[in-house]
Amino acid sequence: MKQLFSALAVLMMLVVPLAHAKDNYISDELFTYMHSGPGSQYRIIGSVDAGTKITVVDRNRNAGYSQVIDDRGRKGWVETKYVTNQPGLKTRLPALEEELSRVKSALESAQGDTEAKTKGLISSLEQRNAQVQELEQHTSELNQKLIDAQTEIRELRARIDTQKDDLLMRYFTYGGMVAGGGLLFGLILPHLIPRRKKRNNGWA
């Protein structure tokens with residue numbers, strides 16, 4: 001009966017620490033020795049490779065050792081300075097490589113989108129430049145037509161002014177001729193009409 005209680009007590013001592021244990025790892029050294037007790041003076045019962053996942057079940061702060069159970073179920077003591085809560089490189093490396101692959105893929109996709117947008121912008125800019133050149137040419141043609149029209153209008157106005165002057169001169173000429181003819185006719189007409197002789201009504 002005493003042996004049963006002793007076994008239960010030992011089992012409880014083992015189970016309670018395990019219930020509160022967290023995942024830990026051996027830091028990224030080549031390996032560390034596992035001892036049978038909390039100190040280098042205890043027998044070496046094996047070694048634990050760097051990055052190995054372990055479970056810490058006890059700590060001896062004075063000795064600087066932690067009691068652990070490795071991934072093969074072995075239980076022993078290792079130096080606490082080699083125990084870390086960060087996964088080792090061999091555990092993190094696949095995740096890092098996967099993340100790197102995702103980042104590269106996203107970068108390539110972003111570069112592709114950027115190139116496509118850049119090509120689109122260049123094409124749009126070329127179209128805008130062509131439209132601007134076409135508008136500039138059209139504007140230049142309209143300006144030339146406007147200049148030609150203004151020149152033609154000035155020439156027509158000059159011709160109209162000249163015609164007005166000629167017409168006035170003709171009016172003056174015709175008026176002078178008419179006036180001169182009337183004056184001449186007025187002077188000649190009395191000589192063309194015979195004068196009546198006066199009757200002599202005196203007493204004989």
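Is strand S5 (residues 65-69) largely enclosed by the rest of the structure or exposed, and how many of its five residues are buried? In this predicted model, four of the five residues of S5 are buried, so the strand is largely enclosed by the rest of the structure.

Strand S5 pairs with two other strands, S4 and S6. Strand S4 (residues 53-60) runs antiparallel to S5, and the two are joined by five bridges. Within this pairing, Val-56 has Val-68 of S5 as its bridge partner. The hairpin formed by S4 and S5 has four residues between the strands, and Gly-64 there adopts a positive phi near 75°.

The pairing of S5 with strand S6 (residues 75-79) is also antiparallel and comprises five bridges. Five residues lie between the strands in the hairpin of S5 and S6, where Gly-73 takes a positive phi near 85°.

A separate feature is found at the surface. Leu-167, Leu-168, Met-169, Tyr-171, Phe-172, Tyr-174 and Met-177 make a nonpolar surface patch of about 830 Å². One of these residues, Tyr-171, belongs to helix H2 (residues 89-192). Tyr-171 has a relative accessibility of 52% and therefore counts as exposed, the cut-off for this class being over 50%.

How values were computed: Residues numbered from 1 in each chain as written. Predicted model: local features only at pLDDT ≥ 70, side-chain atom pairs only at ≥ 80, totals over all residues. Heavy atoms only, no water. Patch = residues over 30% accessible without salt bridge, like charges linked within 9 Å, V, L, I, M, F, W, Y side chains within 5 Å. Areas by Shrake-Rupley, 256 points an atom, 1.4 Å probe, with all protein chains shown as cover. Salt bridge = Lys/Arg side-chain N within 4 Å of Asp/Glu carboxyl O. Buried < 20%, exposed > 50% of the residue type's maximum accessible area, 1.4 Å probe, protein only. Pairing = 2+ DSSP bridges.
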